[in-house]
Amino acid sequence: MRTQVAIIGAGPAGLLLAHLLAQGGVESVVVETRSEEYVSARIRAGILEHSSVELLESVGLGARLRAEGDQHRGIYLQWPGERHHLDFVDLTGRSVWVYGQTELQKDLVAARTAEVYYEVSDVELDAATGRVQFTDKAGHDIVLDALHIAGCDGSFGPSRNAVPAAQRFEKVYPYSWFGILADVAPSTDELIYAWHPEGFALHSMRSSSVSRFYLQVPNGTDPASWSDDRIWSALATRLGHGQDGWKLNPGPITDKSVLPMRSYVQTPMRHDKLFLAGDAAHIVPPTGAKGLNLAIADVALLSRALISGDERLLASYSDDAQRRVWRCTHFSWWMTTMLHTSGDPFDAELQLSQLRWVTGSRAGSTGLAENYAGLPIGY
């Protein structure tokens, strides 16, 4: 088979890239090791930056987002006895949207024009020639020759390791997020980021009837070791149940998972005909809500270069993308280290001092708002 761009990975990065390329008249073929159902059901990110929403709307993918998503003006920052609202619109003129990755994936699947091979195996790629080989789910061996390859296959796909002599930067954090999905209406109008001596907590949401929560837990925590009662008790304590009359409403828990926290950046993001995008090139802790948005920004830059065919844009893709990658990596690290407890009293006092400055200074609030709501694509 022949195509212009072979895309490895049919998650949001891969399918959005295929969609952008099709609008620019560039043909692509997508290969994915998982089933369509598995990819569509993965519960991941839930926050879209202002620039991500603008891009999706500009390419015809914003109708359901606008109709069913939830636009948020900001977030709450909290520590025991205090809760402060940061209004992003007031500070920067930009908002964010609560719209789960599962919903964006549905939109991309519904709008797709590229041929997608799900449940493939034995994927091999040759960055020098643009050749991708794989076995389809019927057992047929396929050879796909392309002008370019886009590696959108995350941390464990073959693309990342196909870049020789890559420089890798990694930081593993000494704690994880215990994620909980519950069938209960949110107890807050906007996300609550809570610092607490017992550990960080986050109250997020997926819809008007489904809430998403996270608790800081030690690495290696088994979700089964936490009963529902223990979860709700910890959330109530860390989120300030009863503080100024606020109440946390519990409900049936439908999903429990533990997410290790790490930062990872690999450079360069190009080797010969292979280009990396999204988690294949970088991972951020979810505290800053940057992972999905970084993937969107990557493929926006990459699609522009591939559609133009301009070798200068292709050559500069890695450097252009990495400016934003490192800005978002720093912001995610900053949010993470400001809000997660280490057990060191000195660290705790520094964190509280920083929280007071961020919430009490318009300059501090604006810096957080500018980064959280998102810099323009192409920054």
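Good morning. One caution before we start. This is a predicted model. Keep that in mind throughout.

Strand 1 covers residues 2–8. Strand 1 pairs with strand 2 in the parallel sense, over four bridges. How does the chain get from strand 1 to strand 2? It crosses through helix 1, residues 12–23. That β-α-β crossover is right-handed.

Now stay on strand 2, residues 28–31. Side chains in a regular strand alternate between the two faces of the sheet. Here, Ser 28 and Val 30 point one way. Val 29 and Val 31 point the other way. Are these four buried or exposed? All are buried.

Strand 2 has another partner, strand 8, residues 115–117. Strand 2 and strand 8 also pair in the parallel sense, over three bridges. Look at Val 29 again. It stands opposite Glu 115 in strand 8.

Three strands form it, in the order 3-7-4, and the pairing is antiparallel. Which are the edge strands? They are strand 3, residues 47–48, and strand 4, residues 70–72. Each of them pairs on one side only. Strand 7 covers residues 96–98, and two bridges join strand 3 to it. Find Leu 48 here. Its bridge partner in strand 7 is Trp 97.

On to charges. Side chains of opposite charge can pair when their charged atoms come close. How many salt bridges does the structure hold? There are 17. I'll show three of them.

Start with Arg 64 and Glu 68. Their closest N and O atoms are 3.0 Å apart. Both residues lie in helix 4, residues 63–68. They sit four residues apart, about one turn of the helix. Arg 64 is partly exposed, with a relative accessible area of 24%. Glu 68 counts as exposed, because its relative accessibility is 53% and the cut-off for exposed is over 50%. This pair also belongs to a network. Salt bridges link Arg 64, Glu 68, Glu 103, Lys 106 and Asp 107.

Next, Glu 170 and Arg 262. Here too the closest N and O atoms of the salt bridge are 3.0 Å apart. What does this pair tie together? Glu 170 lies in strand 12, and Arg 262 lies in strand 16, residues 253–267, so the pair ties together parts that are 92 residues apart in sequence. Arg 262 is partly exposed, at 22% relative accessible area.

Arg 312 counts as exposed, at 66% relative accessibility. Asp 310, at 22%, counts as partly exposed.

Last stop, Phe 156. Where is it found? Phe 156 is in the loop between strand 11, residues 141–151, and strand 12, residues 167–182. Is Phe 156 buried or exposed? It counts as exposed, because its relative accessibility is 82%. Phe 156 and Phe 200 are 44 residues apart along the chain. Their C-alpha atoms are separated by 28 Å.

That's the tour. Thank you.

Note on methods
Residues are numbered from 1 along each chain as its sequence is written. This is a predicted model: local features need pLDDT of at least 70, side-chain atom pairs count only at pLDDT 80 or more; totals for chains, interfaces and linings use all residues. Side-chain values use heavy atoms; hydrogens and water are left out. Buried means under 20% relative accessible area, exposed over 50%, partly exposed in between (1.4 Å probe, protein chains only). A salt bridge is a side-chain nitrogen of Lys or Arg within 4 Å of a carboxyl oxygen of Asp or Glu. Two strands pair if DSSP finds at least two bridges between them. A crossover is right-handed if, with the strands pointing away from the viewer, the path from the first strand over the helix to the second runs clockwise.
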